[in-house]
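Please keep the sequence and the structure in view while reading.

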Amino acid sequence: MFVITLIDVCTRVVLGWQLVPAPEYDHHDVLSALQDALRPRLKRQEFAIPGIGYRPGAGFVADVLPELNFACWEVLKVDNAASHLTEDTFEPICRFVGCRLEAGPVGMPTARPFIERFFGTLTERMSRKVHGTTGRSPNDPLAKRGRAVPAALLITLPELEELLDVSIANYHATPHDGLHGRSPLEALQQTLAQHAKPVRILPLALRCRLHQLQTVHLATVRGNAARSVTPYVSLYGARYSNEVLQRTSGLSQQRIRVYLNPNDMREAWAYLPNGADLGRLYVLDGWRYSRHTLRLRRRILRERRIGKLKFAGEQDPVQIFAEAQRRASKRGRKQGTLELQLGAATAEAALAPPSRAPRPAPSAGSTRESPIDLSDLTIQNR
């Protein structure tokens, strides 16, 4: 389990985070955390854990300073982890946000004191208090008691996400020694009042395109009008399409830019080479029935490739994989991680079929989408 966090150095406010239930995180998880940092976050109105709640004054930036929604940063400091060194990890974020990157020295956590101090606070106030915690080491008394807790009584992933949300919101209202006794939210309000230069905000045209922070895929449009196969693109063993793409025969055998949602692989976004928006694509066949991550789909495709799993057509691969894992006799950490990922994937309801999926209405203050330039393409009428 990993928590990838982005924190403001000046005020210690946590801008965004990503909870990763896996043995290791990758650059998709890092970019998802940066997307979360740009997206405004408000306090929860309902809780699944009985008795949990926010302390007085707790909250997030969007709760107390809505004028800072979609605020950009000037410098992004990271360590030299392997997932940070790939070329396509930070190039999109630096270009999209308009910031520069600073990579710290290898093996020197003292070069990142603020984020390390926050993780220490999070460990003491949340991790070590969770039922079934394994403590800091095998000799920790909490570890001995935690290993004795039955697995059925351990915390679930949605409960852990809720607990993390409340813990960070309460942290924002807690006095901090490094801020002269002020809380992070109080320090942010004071800094903003004394800041002569206005904070740079993400342009309106980019606020609905946060998915472009993810890695771009150049996909070839397939289809065969003679065989009544409407245009589609294939990504990670599944077909994606929408009404616009299905009616645009002129795109056949051309390459378009596609951005995936690694946290919900049932959707993607497509753009023409000239930048025109083709809209949101939806996955076809059985993949559309259960929410699943990119990590989980790769695992399912690997199981099918080595002959341990079989599915086709309208069969739900996620449910078939979940049933196979329930029948598995071998138990261990890897098996527990898979069950955790499957529990999060099967918790949400299925999306409607791509051709019937309703388009969400624009929220107040959102920008209108630019028209699609398809003048050189052939459009099929209904």
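## Overall make-up

The model is a predicted one. The protein has 382 residues, and 42% of them are buried. Its secondary structure consists of twelve helices and eleven strands. Among the contacts with a separation of 6 or more, 64% are between residues 24 or more positions apart.

## The nonpolar cores

The largest nonpolar core has 31 residues. Within this core, Val-233, Tyr-240, Ile-256 and Ile-300 touch the most other members. At least two residues each come from strand 7 (229-235), strand 8 (238-241), strand 9 (255-260), strand 10 (267-271) and strand 11 (277-283), and also from helix 10, helix 11 and helix 12 (333-345). Which element supplies the largest share of this core? Helix 10 does, with four residues. Another core, of 25 residues, lies apart from the largest one and includes Val-30, Ala-37, Cys-94 and Phe-96.

## Helix 10 and helix 11

Two packed helices are described by the angle between their axes and by the distance between those axes. Helix 10 covers residues 294-305 and helix 11 covers residues 317-326; they pack at an angle of about 70 degrees, and their axes are 11 Å apart. Because angles of 65 to 115 degrees count as roughly perpendicular, helix 10 is described as roughly perpendicular to helix 11.

The residues that meet can be named on both sides. Helix 10 contributes Leu-296, Arg-299, Ile-300 and Glu-303, while helix 11 contributes Pro-317, Val-318 and Phe-321. Sorted by class, this contact has five nonpolar residues, two charged residues and no polar ones.

## Salt bridges

The whole structure contains 16 salt bridges. Three of them are listed here with the distance between nitrogen and oxygen.

| Salt bridge | N to O distance |
|---|---|
| Arg-295 and Asp-26 | 3.7 Å |
| Arg-295 and Asp-29 | 2.5 Å |
| Arg-100 and Glu-102 | 3.3 Å |

Arg-295 forms a salt bridge with Asp-26 and another with Asp-29. The pair of Arg-295 and Asp-26 links distant parts of the chain, 269 residues apart. Arg-295 is in helix 10, whereas Asp-26 is in the loop between strand 2 (14-20) and helix 1 (27-38). Are these two residues buried, partly exposed or exposed? Arg-295 is partly exposed, with a relative accessible area of 23%, and Asp-26 is partly exposed as well, at 21%.

The salt bridge of Arg-295 with Asp-29 reaches from helix 10 to helix 1, so this pair ties together parts that are 266 residues apart in sequence. Asp-29 has a relative accessibility of 6% and therefore counts as buried.

In the salt bridge between Arg-100 and Glu-102, Arg-100 is partly exposed at 48% relative accessibility. Glu-102 is also partly exposed, at 31%. Elsewhere, salt bridges that share partners join Asp-36, Arg-41, Arg-44 and Asp-165 into one network.

Most residues other than glycine have a negative phi. Which values of phi are found for Arg-12 and Asp-285? Arg-12, which is not a glycine, has a positive phi of about 65 degrees. The position of Arg-12 is in the loop between strand 1 (2-7) and strand 2, and this residue counts as buried at 11% relative accessibility. Asp-285, likewise not a glycine, has a positive phi near 60 degrees. Asp-285 lies in the loop between strand 11 and helix 10 and counts as partly exposed at 34% relative accessibility.

Gly-53 is partly exposed, with a relative accessible area of 34%. Which residues does Gly-53 touch, leaving out those up to four places away in sequence? They are Phe-47, Val-166 and Asn-170. Gly-53 and Asn-170 are 117 residues apart along the chain, and their C-alpha atoms are separated by 9.3 Å.

Definitions and conventions: Residues are numbered from 1 along each chain as its sequence is written. This is a predicted model: local features need pLDDT of at least 70, side-chain atom pairs count only at pLDDT 80 or more; totals for chains, interfaces and linings use all residues. Side-chain values use heavy atoms; hydrogens and water are left out. Axes are lines fitted to C-alpha atoms, for helices over the stretch in contact, and angles run from 0 to 180 degrees between N-to-C directions. Angles under 35 degrees count as roughly parallel, over 145 as roughly antiparallel, 65 to 115 as roughly perpendicular and the rest as oblique. Contact means heavy atoms within 4.5 Å. Ala, Val, Leu, Ile, Met, Phe, Trp, Tyr, Cys and Pro count as nonpolar, Asp, Glu, Lys and Arg as charged, and the others, Gly among them, as polar. A salt bridge is a side-chain nitrogen of Lys or Arg within 4 Å of a carboxyl oxygen of Asp or Glu. Buried means under 20% relative accessible area, exposed over 50%, partly exposed in between (1.4 Å probe, protein chains only). A nonpolar core is a set of buried Ala, Val, Leu, Ile, Met, Phe, Trp, Tyr and Cys residues joined through side-chain atoms within 4.5 Å.
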